[in-house]
Amino acid sequence: MSKALVCPCEDVTASEVEHAISKGYRDVESVKRYTGFGTGMCQGKECLTAVARLLEAKCQPTPRADQLLPFTPRPPLFPTELSHWASLGFDAQHAPAGGVPTALGITTPALRPEAPVPSRAKVVIIGGGIMGLALAYNLADRGETDVVVLDKGYLCAGASGRNGGGIRAQWGTPTLITLARRSIELMKRFARDMGINVWFRQGGYLFLAKSDAVVARIERSAKLHNEHGVPTEILTPSAAREVVPQLTLAGVKAAAWNPKDAVIFPWPFVWGYAAQAQKHGVKVETFTRVQGFELSAGKIVKVVTDRGDIACERVVLAAGAWSPEVAKLAGVHLPNEPHRHEICSTEPLKPFLGPLVSVLDSGLYFSQSMRGELVGGMGDPREPAGMNLGSTSRFLARYAAALTEQLPQAGRVKVLRQWSGPYDVTPDNSPILGPTPGLNNLLQLSGFVGHGFMMAPAVAERMAAWMMTGESDELFERFTLSRFAEGRMEREDMIIG
Amino acid sequence: MSQRLSPLTAPITLDLDGETIPAREGEPVAASLIAAGELLFSRSPKYHRPRGPFCLSGACSHCLMRVDGVPNVPTCRVPARAGMHLERQNALPDARVDLLRAADFVFRSWFNHHEFLAGVPIAEDVLQRVARKLSGLGVLPEKPAPGRAPAVKEEHEVVIAGAGAAGLAAAKRLAERGVTHTLFEREREVGGRLLLGLDPDAPAVWQPASDRLRAGALVVGLFADEARPFLVTVEKDRVHVIFYRALILALGGQPFLPTFPNNDLPGVMADRAVAALIRRHEVLPGKTIACVGDPAAAEALSSVVRKAGGHPVAVGAEPLRAHGLRQVDAVTVRTGDREEKVRCDVIAVCGCTAPSFELARAGGAKVAWEPRAKTFVVEADGQGRTANASLFVAGELTGPKSAGQAAASGVAAAEAIAGGAR
């Protein structure tokens, strides 16, 4: 058929870009994510100009020059083999620094809508990631539609749009196991409930353990999983090789395997919750920055934004790793700290890898996305705390070396792009939920340490119920901000990435 | 309908899906295939549309093939070697008769992957399984990579990336001023667009001293995760880390695809790709070549085509639609208010070159939309200074330029650095 292609790498047509515009996606980053243009082998070299011209010609009102921005840098410049990155080497003693700024343009003032925000709302949710949007949807579903969600960037700009899409029930505490199992249920029927495909694929999670301490850890948590109905098995290396024949399992002593764990494509969850919440009357305001709060008698009475003030009854802080800086505007100290986690994606390959594989000792993880890319990352023990969304060659060197140790055939597979996202790290690796001491109507919904995405459907469902009914729920009693002052830690040790 | 412009002496052979293709050793594999009349290189990811080479500069995905067991190799970047094994990817049963092309007819204008069968019981599960099976381009290599030597760390003074009009002019001026510098070029020969014969004001190709030149070095990144910024290059399969005091990015432009129906048919090529085939690789990609798009650029290409014995048509006309089943056989164009369908073997889209701004932006330079050129350009002063004090840009990075203008901007950037060096 006579299609007019804008992005031949991903077969994105001009009609598809026009459809995205009609859905309200008008900036380059959003259109890129919604249509997939610029995410293929050429990484936008062939298509970006054509798409920008199309946006200029088709968007009403016509975008100004400063509203047309190229997408943020995504190294490398050309697809480059993992074996080449592995040869780069790195200094394990050295802390990583700086990096290519892969988050440029998240909050471009030029893209801020001119119209003011609503002057009042019952609930203002700060943060339009999956947490905030899922909560907005659940509140609306329960009848509370007087809700405004604020985000300083485009949808998917934060960690919800930057994660690897892993979904697992293999956790170290009963609370997280229960939440994850409920989330998996909700994610399974997300397409039915929300009308958008999320490419949910139950390929399982294979955790590899190299040291005796980690073997003991997976054995302990497998027992807990089984008690809670999660069918985790401890496998010998040779049994693990039956799950993924290509693995070398170098240095691996045992593995934990749950075939029911899954991977998904993160972005449609964000769009799906947003679209359904909006259908119910919720207002989702992107490119809108919270600048302060007006407090009175131990309560927030107004949220001050760069598009006007919103008088409100309750405020939910769901800004992920950005939550501490927003809380500070209300004089509240959150103990969360942002930690950069880097991630990369390779060229798409025909499916060969079923599960998400993770080496628990090093934090290496990788899976094959629905599109066929190897998507993975590895946390850096030397990474300092602080908001930094830069991309480093050091990460590629570390990741490539660790990945090709386990999967040598990936040596000639090329890295297409890398980026980073912030983990929202709390002192005990558990979230911060519920009321704020001293500010009665500020509710916390943050601190998920890199796994908020997979917890969000279940947590938001319970938070909406708790907010609407007032019935007690242990989540919002045990995981409160006050626990740190009271010395009640809720430790979770199955953190990867 | 393609032809070699010089006799193929001492030919070698390549294997393309079991067929034997004659080739000249060292020429890009894509050029060998075009010379042999093969324009079908692969099938597209979703709709399985036929694809053939477009940019010949490593900036698109049209010419990817599996080469000697490695998937998704840009064949325009790989020199031909005797006995090379080439496979077309992403087709069932093969690229000539790809049954999966049905997707192109079922989804007539596009496939809504967000909503198609979303939430429809059973059908949804089938879709997920089918989509998973059909996903991906290329197959995991069967073998691990050969052992790679550790990366080489190097200290340099002034580094110039790109040895085209701007980069050569900058290097020449730095040499004249006695400033130590190194020129990195991904091709094995310097010159870039100066070799294409498209610019009447092009200066002669200046040959840098061999100890100043690193030819065959592909810059793959500009990073900033050490105390100082550095380039990462791949040269002869070895990684180099290049530290510098000052960097001039002179990477030129890359072709982009203008939007019109069937613009992805094999036989639609960038003007510079056609010129490179003729002037550098001595291959005329078709007898009749429609030179459409920007009139000045089209005029320049048509003269290169004519000199090579080709027949330029529809010169400077606006392309409305490409025609052809498996490759281009005609183009509908508009000239003034007249529309006509013109028979041709190749459609060369002229003047569709956008600045290669990516590295500059990664290095901290500002990039903005330029409404007259309708491209993104790097913001720099008259001497190529950017928002980052050690990063200079020259040539087409700041917008469309003739070769002469690009060379002048290279000289200006060199002067800015040489001046600072005194």
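In the predicted model, Lys374(B) and Glu56(A) form a salt bridge in which the closest N and O atoms are 2.8 Å apart. Because Lys374(B) is placed in the loop between strand S27 (367-370) and strand S28 (375-378) of chain B, while Glu56(A) belongs to helix H3 of chain A, the pair joins two chains. The two partners are set out with their accessibilities as follows: Lys374(B) is partly exposed, with a relative accessible area of 33%, whereas Glu56(A), at 13% relative accessibility, counts as buried. Helix H3 of chain A, which spans residues 48-58, also holds Thr49(A), a residue that counts as buried at 4% relative accessibility.

The interface as a whole draws 96 residues from chain B and 88 residues from chain A. The size of an interface is often given as the accessible area lost when the parts come together. For chain B and chain A the buried area is about 7,800 Å², and carbon and sulfur atoms give 58% of it. Of the area that chain B buries against chain A, 11% is supplied by His114(B), Arg132(B) and Arg361(B), which is more than any other three residues supply. Between the two chains, seven salt bridges are counted, together with 46 residue pairs in polar contact, where both residues have pLDDT 80 or more. On the side of chain B that touches chain A, the largest share, seven residues, comes from helix H3 (residues 123-134) of chain B.

A search of the whole structure finds 65 salt bridges over all chains. One of the salt bridges is formed by the side chains of Asp104(B) and Lys3(A), with an N to O distance of 2.3 Å. Within chain B, Glu27(B) forms a salt bridge with Arg4(B), the closest N and O atoms lying 2.8 Å apart. This pair links distant parts of the chain, 23 residues apart, with Glu27(B) in the loop between strand S3 (19-23) and helix H1 (29-35) and Arg4(B) in strand S1 (residues 3-4); both Glu27(B) and Arg4(B) are buried. A further salt bridge of chain B is that of Glu176(B) with Arg173(B), whose closest N and O atoms are 3.1 Å apart. Because Glu176(B) and Arg173(B) are three residues apart in helix H4 (residues 165-176) of chain B, about one helical turn separates them, and Arg173(B), at 25% relative accessibility, counts as partly exposed. Salt bridges that share partners also join Lys3(A), Asp11(A), Arg49(B), Arg51(B), Arg101(B), Asp104(B) and Asp264(B) into one network.

With regard to nonpolar packing, the largest nonpolar core has 131 residues, and those with the most contacts inside it are Phe37(A), Ile125(A), Leu135(A), Leu445(A) and Met455(A). Helix H13 (residues 452-469) of chain A contributes the largest share of this core, namely 11 residues. Apart from this core lies another, of 69 residues, which includes Cys60(B), Ala275(B), Ala276(B) and Ile278(B).

A disulfide is a covalent bond between the sulfur atoms of two cysteines. The search of the whole structure finds zero disulfides over all chains. Cys63(B) is in no disulfide, and the nearest cysteine sulfur, that of Cys76(B), is 3.9 Å away, whereas a disulfide would require the two sulfur atoms to be within 2.5 Å. Cys63(B) counts as buried, at 4% relative accessibility. For Cys350(B), the closest cysteine sulfur is that of Cys291(B), and because the distance is 5.2 Å, the two sulfur atoms are too far apart for a bond; Cys350(B) likewise counts as buried, at 1% relative accessibility.

Finally, Val120(B) is placed in the loop between helix H2 (102-106) and H3 of chain B and counts as partly exposed at 36% relative accessibility. The C-alpha atoms of Val120(B) and Pro28(B), residues that are 92 residues apart along the chain, are separated by 48 Å.

Definitions and conventions. Residues are numbered from 1 along each chain as its sequence is written. Chains are lettered from A and ligands numbered from 1 in the order in which they are written. This is a predicted model: local features need pLDDT of at least 70, side-chain atom pairs count only at pLDDT 80 or more; totals for chains, interfaces and linings use all residues. Side-chain values use heavy atoms; hydrogens and water are left out. A nonpolar core is a set of buried Ala, Val, Leu, Ile, Met, Phe, Trp, Tyr and Cys residues joined through side-chain atoms within 4.5 Å. Buried means under 20% relative accessible area, exposed over 50%, partly exposed in between (1.4 Å probe, protein chains only). Helices (H or I, at least four residues) and strands (E, at least two) are DSSP runs, numbered from the N terminus. Contact means heavy atoms within 4.5 Å. Buried area is the accessible area (1.4 Å probe) that two parts lose on being put together, summed over both. A salt bridge is a side-chain nitrogen of Lys or Arg within 4 Å of a carboxyl oxygen of Asp or Glu. A polar contact is a pair of N or O atoms within 3.5 Å; within protein, one must be able to donate a hydrogen and the other to accept it, and residues adjacent in sequence count only if both atoms are side-chain atoms.
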